Amino acid sequence: MASKLDRGPIEEVAAVDILIYGIVNGMTFALFAVGFSFVYGISRLPNFAHGALYVVTGFIAWTFINSAGLPFWLSIILSLIIVSLAGVAIYQFVMIRVRGMPISEIIVSFGIALAILEGLRLQGIGGFKGFIGPGYVLPRFIDGVVDTPWVTIDLQRLFIIAVGLFIMGFMWLFTHYHKMGLALRAMAQNERAALMLGINSDRMANISLAIGSALAGLAAIAIMPLGNINCESGYDVLTKAIAVCVIGGLGSWGGTILAALTLGLATTIMSVLGGTMWNNVLVFGLIIFILIVRPSGLFGQQKELEERV
Amino acid sequence: MEEEKEPIIKVRNISKTFGGVKALNNVSFDLLEGEVMGVIGPNGSGKTTLVNTITGFQKPDSGEVFFRDVKLTGLPPYKIADLGVARTFQIVRPYLSLKSYKNLIVPLWSPRARRFAGSRGGDRDAVAIDLLEEVGFERDAYVPYKLASALPLGYLKRLELARCLALRPEVIICDEVFSGLSMSEIASMVPLVENLRIKGASIIMVEHRLRELFRVADKVIMLDFGEKIAEGEPEEVMQDPRVKRAYLGEEIEL
Amino acid sequence: MAKEERRKERLDRGIKARTDGLYAIQSWREVGYLVAPRAGLILGLLILPLILPGLYWQRVLALAGVYALLALSFDFLAERVGLVCIGGAFVIGVGGYIAGGLNYYFALSPALTIPIATFGGALICTLLWLPCLPLRGIYFAVVTFMFPFLTQSIILAGGLLGSTEGLSPVAGFPNIWVGIYLIMVIVLLSIFGLRRLCGEDIGIVFAGVKDNDQAVLASGINITRVKVYALFIATAMGCFGGAFIAHFSGFAGLSLFAVDFSIMPIAACIMGGPGTMAGPVLGAFILAPLSELLRGLGQLRVVLYCAVLVGFILFKPEGLLNWAARKYHQFEHWVKV
């Protein structure tokens with residue numbers, strides 16, 4: 001790639017730009033995906049409301065910061081708690097009833113996603129204005145830019161990379177060393193055995209959804225400041241999360257990161273070459289292609305989770 | 001003078017590993033035409049894997065299987081069945097939502113059955129009921145019209161055999177047809193198997209019930225941990241010390 | 001402490017016991033018993049366009065007919081063949097764009113575009129989904145679900161086929177009655193045709209594939225080929241629906257790939273009675289007008305479908321038609337235990 005673009009000093013910078021922004025992009029993919037992947041990996045629940053939870057966190061945080069005037073940190077923490085509870089509510093009141101029927105789980109959670117996203121877009125019901133328009137922005141964590149000899153990059157983007165790595169590391173440690181995390185992993189590997197050991201499947205599902213929703217919220221907090229909060233991103237986030245999970249496969253954090261980075265770089269390159277409209281084509285096309293060719297994902301570890309074809 | 005019978009199935013050096021466990025280790029044997037061969041061995045010795053490998057449901061890591069001169073390894077299961085190598089399933093697989101005789105419509109609809117059908121091809125229902133009667137479904141008691149889900153295991157095992165018969169197979173591989181049956185049910189299955197041999201089929205029988213197997217088998221091979229440790233006539237094999245050790249364990253001095 | 005308990009006892013009605021299997025029919029009343037449901041369906045669908053007030057409701061009815069075709073094809077694939085396909089929007093889009101495109105670019109009349117779109121579209125959909133067929137249930141469902149989104153983004157990114165504006169105008173039917181009765185007749189033909197098909201030997205093979213595909217393989221049948229036959233028939237119905245919409249509404253655009261077309265058939269199927277063919281049609285004819293009434297809520301209509309779906313799965317998974325058939329064929333009374 002570098003050689004193709006290498007036509008002069010300006011293009012050389014462009015290549016490094018692509019690399020850096022590709023990595024950032026990859027990290028955003030990873031942040032989108034980690035919540036969805038966690039829930040599906042642990043409880044086999046395809047939570048198609050993931051994207052909606054992402055958007056909801058943004059709006060709740062915005063409301064706390066702007067309408068309620070609460071300090072930044074408090075708003076973040078409160079909104080993360082709220083979205084966690086929302087995730088648990090989704091499971092406890094709705095998904096639990098269709099547990100075990102995957103098609104229904106998908107459709108039901110997608111329905112909830114639509115209810116939330118389109119509901120946020122509604123105007124005029126009871127004077128509710130609707131969250132439309134460019135005015136809704138979350139403040140950045142860190143303002144400012146870093147000037148390096150190769151590329152100029154803003155600190156928020158670096159922050160995203162940091163957050164991504166932190167979450168990956170934390171989740172890995174959690175599921176390998178903490179009792180709760182180990183229980184969740186046990187659940188993922190062999191539900192029956194875990195049940196026999198006294199691990200409560202529904203409680204695990206609740207916990208995994210709480211954590212998964214919080215992860216979605218964290219992604220929102222980190223990434224939304226780059227643009228504005230809008231409802232369309234809900235669908236976008238879901239699609240990208242699915243893409244990472246499908247391509248990377250389940251059960252290996254490494255696989256998720258690799259897939260996310262690959263997708264990040266690929267879409268960045270695609271944007272440079274053809275424009276952002278083809279990104280969707282790339283993402284959907286890859287999802288379909290990988291599902292056909294290798295349903296367990298390129299790096300899928302837990303083959304037990306994949307039903308035999 | 002005995003005629004030289006041609007081997008109808010040739011298994012050559014089949015090996016298959018599942019994530020660290022060698023299910024089959026360099027297994028080779030011949031099945032002669034018209035012969036009934038038993039495959040015995042303790043649980044986990046690779047018997048069902050062998051069946052799956054021959055019939056195409058699993059691919060061996062190395063080695064080949066031949067039916068007459070055609071190489072079976074690498075072919076999908078339906079092509080192998082189409083060539084005339086039929087199998088039963090150890091855990092019976094009837095179409096539970098269908099009536100018993102309708103279960104046979106599926107194999108009768110297959111290209112192979114249609115090739116053999118000739119002029120009577122049109123009325124598959126009648127052919128199905130006749131086939132069921134051959135395997136012992138009492139037509140007068142309307143057993144063929146019962147839903148497959150309502151049949152007891154003995155009848156389901158016979159249904160498996162009937163499914164094979166519908167294909168007019170040259171080779172039938174029976175995966176534990178006697179298991180799970182009561183003594184009287186087995187007693188009525190044995191003549192069925194005899195009947196198949198008389199009709200000209202060559203049979204491989206994977207079995208646990210040695211006494212009944214030895215009544216029908218011409219030759220027996222034994223697998224243990226994926227390896228063929230004995231081959232020969234039933235009485236010979238039972239005398240083999242390795243066979244005794246595998247089934248009964250070693251003698252210890254107390 | 002003995003508590004008086006009751007249980008429901010169900011007995012087949014005398015008529016059903018006598019006529020089931022058609023061994024002997026003794027009276028006109030028994031003939032009536034058998035014929036009534038079918039006649040009711042046929043007459044109902046044919047008369048409905050005449051009694052509904054106004055153009056608006058007739059358009060709703062036509063749209064309901066398209067949804068009925070989709071629900072029917074979903075039911076056929078899912079309940080009779082074991083293929084869960086949530087790509088209804090893709091099939092509609094393919095059919096609609098082929099018909100609309102042939103008319104818009106080449107000025108072919110609907111009499112030509114509709115058959116071409118139906119069978120050509122079915123061919124395209126089947127070929128595209130062919131590599132997906134070996135996938136297990138949920139993966140197949142997810143893949144088919146993604147296809148409409150992929151196609152939408154290709155059309156947008158490439159600026160093809162009219163992009164966001166779509167193709168317009170597309171020739172309509174000479175008369176709205178032609179349109180409505182065309183779709184009603186096709187729906188009726190499809191219901192009875194599919195039922196007949198499932199009674200034939202190939203229908204038994206379909207049931208075998210759904211029940212136990214390994215056993216079908218062991219019987220020497222190429223199950224991928226069998227699934228292809230089923231998929232072709234189902235997508236043909238959907239592509240016809242798409243072609244119909246294009247001509248009926250005079251427009252072929254991205255709205256043909258709306259997620260409604262993927263989700264509503266499932267809701268209609270569960271609500272109406274999975275496996276009965278006529279049930280999903282009934283479900284479609286209930287849900288389509290219902291969702292029209294809620295048009296003001298925009299995308300929230302899909303939430304309605306999901307709510308219906310969940311509600312019926314939880315409380316009445318047998319669906320309306322199975323419930324009605326049970327009442328028709330059996331009578332129940334409480335019996336003391």
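From the N terminus onward, the elements of chain A follow the order α-α-α-α-α-β-β-α-α-α-α-α-α-α. In this predicted model, chain A thus contains twelve helices and two strands. Of its 309 residues, 46% count as buried. Among the contacts in chain A with a separation of 6 or more, 73% are accounted for by residues 24 or more positions apart.

Chain C may be described in the same terms. Its secondary structure comes to 14 helices and two strands. The radius of gyration of chain C is 21 Å, close to the 20 Å given by the globule rule for 337 residues, and chain C is therefore as compact as a globular protein of that length. The C-alpha trace of chain C spans about 75 × 55 × 45 Å along its principal axes. Of the 337 residues of chain C, 49% count as buried. Where contacts in chain C join residues at least 6 apart in sequence, 78% of them join residues at least 24 apart.

The largest nonpolar core has 278 residues, and the members that touch the most others are A:Val244, C:Tyr67 and C:Ala267. Helix H3 of chain C, residues 54–81, gives the largest share of this core, 17 residues. The surroundings of C:Tyr67 can be listed individually: leaving aside residues up to four places away in sequence, C:Tyr67 touches C:Met264, C:Pro265, C:Ala268, C:Ala284 and C:Ala288.

Chain A and chain B are joined by no contact, and their closest C-alpha atoms lie 12 Å apart.

Consider the contact between chains A and C. Chain A contributes 24 residues and chain C contributes 31 residues. On the side of chain A that touches chain C, H5 and helix H12 (277–293) each supply at least two residues. The largest share of that side, ten residues, comes from H12(A). By class, the side of chain A that touches chain C consists of 17 nonpolar, four polar and three charged residues.

The contact between chains C and B remains. It takes 17 residues from chain C and 22 residues from chain B. On the side of chain C that touches chain B, the elements giving two or more residues are helix H8 (201–211) and helix H9 (213–218) of chain C. H8(C) provides the largest share of that side, seven residues. The residues of the side of chain C that touches chain B divide into nine nonpolar, six polar and two charged.

Key: Residues numbered from 1 in each chain as written. Chains lettered and ligands numbered in written order. Predicted model: local features only at pLDDT ≥ 70, side-chain atom pairs only at ≥ 80, totals over all residues. Contact = placed C-beta atoms within 7 Å. Helix = DSSP H or I, 4+ residues; strand = E, 2+ residues; numbered from the N terminus. Nonpolar A, V, L, I, M, F, W, Y, C, P; charged D, E, K, R; others polar. Rg over C-alpha atoms; globule rule 2.2 N^0.38 Å. Buried ≥ 20, exposed ≤ 12 C-beta atoms within 10 Å, placed from the backbone. Core = buried A, V, L, I, M, F, W, Y, C linked by C-beta atoms within 7 Å.
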